[in-house]
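Visitor: Hi, I have a structure open and would like a quick tour. Can we take it piece by piece?

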Amino acid sequence: MICMVAGGGVAPVSRGRASTAPGAAEDLELPFLKPEEIAAYPADGADLRPVTARKRLRETMQLQGLDGPGQTAGHFWAVACVSLEISQRCNLDCSLCYLSDHSEATHDLPLGELRRRIDRIVETYGPGTVVQVSGGEPTLRRRDELVAIVRDLSARGLVPALFTNGIRATRDLLSELKDAGLRDVAFHVDMTQHRTGYASERALNDLRRAYIERAKGLGLRIMFNTTIFAGNYEDVPDLAGFFIDQADSVALASFQIQAETGRGLLRGHAGAITQDGLMRRLEAGAGTPLSFNVPEIGHPDCNRYTGLLVVNGRREALFDDGRLWRQMFRAFRRFPLRAQQPVRNLMRVAMTFVLAPVSLLRFAAHAVKRIWRLRAHLIRVRGRVEKISFHIHNFMDETRLDRDRCAACIFKVATAEGAISMCVHNAKRDSYILQPVPRMIGGRRRLWDPMTGQLVAEGQGRKPEAPAIPRKRLKGRLRKRPDPAGVNAEGNPAQDPAAVR
Ligand code: SF4
């Protein structure tokens, strides 16, 4: 996530490199944040602006030796995306859920507070920032409010993306959201969700197809999220094959490796599941090598990204010549291309050509050669080229937050204090979601209590201890924990919690 030096707080400390930060000697021995550091980890400050946010991220990359020519973080954007959690509730109970034990007991944040967070995202990172409309399950929010949130994001020049399990994401809703300015929809579907009637990842492909049909033709970019755990690691080649077969509709398939955080029942880190192993399995599914290090998206232990072209069934890595592509990424740092700005992009290409004519000409020659090589295929499909991207996101265990990676974080969550690294946020989620939210009502300061949904005068709220959760709303670990009557929330004989860890 992001360097906290400029805003004060936790300094990035690159292992093996001297640091002037206080306590650096100890930090070099222990790359993980201590509990007190996690508790004090700051959000991005209110004074941070897009130019300084980008510069700060760039400097963090340089300090960590990660600012090679293919690095996009800190050059093209100040943050890859920000998650706006509009509900903590969910209608599934994933065995690797990142929500907290208390999430289900909270009320949805008032629209006014969400608007304040949206304003802060624009001020800090600028228009064009991708905002995940997320949760919990965002479609559990009142429909008119969900639409209003997407409309607000779009009106502020942000790029709204709905992150949903798809259950309530009907075509009608997606169509209304598209009209309100939604740009992307990402469906989370995998075996950690225990969906009734689907016994394997392969069986879930029917559901994935149904979700694609719901969104197809609406003008939305369709994406899929898959959590990778021991139960589906060996299915990855099949999954990659499925997504590639849908490349005419699916723009991106993202894979998140199991991490120990949140309320999910599956504990322990899946040490046998590695980024490398996942990359090899995706390549096996694609049937061709994929360049997962061009471009670079922040810290390589956090994110890996690549693209695949499909022409008349022939599959080819998009980033086929790493050296050439890296030169291109470097060339466009001054005038980055932006989605949905075709006219301005032409000007940016022209200005980049003035700055780096040789790189652009080399790249153009390479592109022409590629087109010539593929000409027979291109003619057969009348020039139609499908493209799909693969992303691997390697979240960290809540007790093993690598300080370098947190400092270089590119995926943040909007909180009342500003955006903060998702990994850090998940390690102290309750401290955010249970905290009363200050609101100005009629010129007077009030506190909105997430446990009651009520406004109270300052000093009159409930005590800050964690709330009791109604039995029928227990999820994850709490659902399995034995109660005094010897039965769990499902009315079944209680299990020993150790048995589910
Ligand atoms: S893995 Fe964690 S620290 Fe790294 S980019 Fe993702 S959220 Fe940020």
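Predicted model: local features only at pLDDT ≥ 70, side-chain atom pairs only at ≥ 80, totals over all residues.

Visitor: Which strands form a hairpin with two residues between them?
Guide: S7 and S8 do. Asn 312 sits in the turn and has a positive phi of about 55°.

Visitor: How do strands S7 and S8 pair?
Guide: In the antiparallel sense, over four bridges. S7 covers residues 303–311 and S8 covers residues 314–317. Val 311 stands opposite Arg 314 in S8.

Visitor: What holds strands together in general?
Guide: Strands of a sheet pair through backbone hydrogen bonds, either parallel or antiparallel.

Visitor: New topic. In what order do the three strands of the open sheet come?
Guide: The order is S12-S13-S14, with antiparallel pairing. S12 (437–441) and S14 (455–457) are the edge strands, and each pairs on one side only. On average, neighbouring strands of this sheet are turned by 45° against each other, direction ignored.

Visitor: How many bridges join S12 and S13?
Guide: Five. S13 spans residues 444–448. Met 440 stands opposite Arg 445 in S13.

Visitor: Now helices. At what angle do H5 and H6 cross?
Guide: At roughly 30°, and their axes come within 8 Å. H5 is residues 143–155 and H6 is residues 171–180. Axes are lines fitted to C-alpha atoms, for helices over the stretch in contact, and angles run from 0 to 180 degrees between N-to-C directions.

Visitor: What does that make H5 relative to H6?
Guide: Roughly parallel. Angles under 35 degrees count as roughly parallel, over 145 as roughly antiparallel, 65 to 115 as roughly perpendicular and the rest as oblique.

Visitor: Which residues of H5 and H6 make the contact?
Guide: From H5, Arg 143, Val 147, Val 150, Arg 151 and Ser 154; from H6, Leu 173, Glu 176, Leu 177 and Ala 180. Two residues are in contact if their C-beta atoms, placed from the backbone, lie within 7 Å. By class, five are nonpolar, one polar and three charged. Ala, Val, Leu, Ile, Met, Phe, Trp, Tyr, Cys and Pro count as nonpolar, Asp, Glu, Lys and Arg as charged, and the others, Gly among them, as polar.

Visitor: And how do H10 and H12 cross?
Guide: At roughly 135°, with axes that come within 10 Å. That makes H10 oblique to H12. The contact includes Leu 324 and Met 328 of H10 and Phe 363 and His 366 of H12. This contact has five nonpolar, three polar and one charged residues.

Visitor: What is Val 82 in contact with?
Guide: Beyond its neighbours within four places in sequence, its contacts include Ile 121, Tyr 125 and Lys 412. Val 82 and Lys 412 are 330 residues apart along the chain, yet their C-alpha atoms are separated by 4.7 Å.

Visitor: Last one. How many helices and strands are in the chain?
Guide: There are 17 helices and 14 strands. Buried residues make up 42% of the 501 residues.

Note on methods
Residues numbered from 1 in each chain as written. Pairing = 2+ DSSP bridges. Buried ≥ 20, exposed ≤ 12 C-beta atoms within 10 Å, placed from the backbone.
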